[in-house]
Amino acid sequence: MRRLLLLTVVVGCGVPEKVDAPQPMEPRAMEPVQQQPPQQPLTGLPCDVRAALQASCAGCHAGSVAVYYRGFSTRDDLLGLGDKVAERLSSPTFPMPPRDAERQPTEAERLTLRQWVQGGMPAGACGALE
Ligand code: HEC
């Protein structure tokens, strides 16, 4: 009986404990801290939209000529017009630009404007119309 007890103790102690090998320290790359200027929320017009408006609408609606008509130069101005922009862009009776305007937008420009209006006139990085 004693022997059995002794044997248990010996066997129990004889198992070498598994010791975790110390982990080698990983050298940390010194990453430069990215110093970025704080992001300003966009308030302008998307650049392709601005280009299309400048080419086909600004001549009558922006700058000093706009005193005769409803003027718009910024995105805020256009937001203020609500659904009128969408309506007039695709109006069969009173289209914008008017049929006798100097320049009609290209198909690509019409698509750009229509998609912008349908998308809720999101802001972009380009400035106001001149
Ligand atoms: C040749 C000049 C001319 C051009 C170019 C022109 N417009 Fe107009 N627009 C007018 C005139 C004049 C009116 C006011 C009479 C009317 O409602 O038809 C007007 C009215 C509008 C109105 C309605 C404003 C209101 O308060 O009811 C919108 C919206 C508009 N234009 C958008 C546009 C857009 C967008 C473009 C370019 C895709 C454009 N216009 C190009 C002359 C122009």
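Contacts first. In the protein chain, 76% of the contacts with a separation of 6 or more join residues 24 or more positions apart. Contact here means two C-beta atoms, placed from the backbone, within 7 Å.

Some ground rules. This is a predicted model, where local features need pLDDT of at least 70, side-chain atom pairs count only at pLDDT 80 or more, and totals for chains, interfaces and linings use all residues. Residue numbers run from 1 along each chain as its sequence is written.

Now the fold. The protein chain has six helices and zero strands. The pattern along the sequence is α-α-α-α-α-α. Helices (H or I, at least four residues) and strands (E, at least two) are DSSP runs, numbered from the N terminus.

Burial next. Of the 130 residues, 13% count as buried. Buried means 20 or more other C-beta atoms within 10 Å of the residue's own, exposed means 12 or fewer, and partly exposed is in between, with C-beta atoms placed from the backbone.

On to the core. The largest nonpolar core has 12 residues, among them Leu45, Phe72, Trp116 and Leu129. Such a core is a set of buried Ala, Val, Leu, Ile, Met, Phe, Trp, Tyr and Cys residues joined through C-beta atoms within 7 Å. Helix H2 (47–56) and helix H6 (107–118) are the elements giving two or more residues to this core. H2 gives the most, with three. Leu53 touches Ala58 and Leu129, residues up to four places away in sequence not counted.

A word on H6. Its 12 residues reach 16 Å from first C-alpha to last, close to the 16 Å expected. The expected span is 1.5 Å times one less than the number of residues. Gly120 follows H6, with a positive phi near 90°.

Now Gly59. Gly59 sits in helix H3 (residues 58–61). Buried or partly exposed? Gly59 counts as partly exposed, because it has 16 C-beta neighbours inside 10 Å. Beyond four places in sequence, Gly59 contacts Val65 and Glu102. Its C-alpha is 9.5 Å from that of Ala101, 42 residues apart along the chain.
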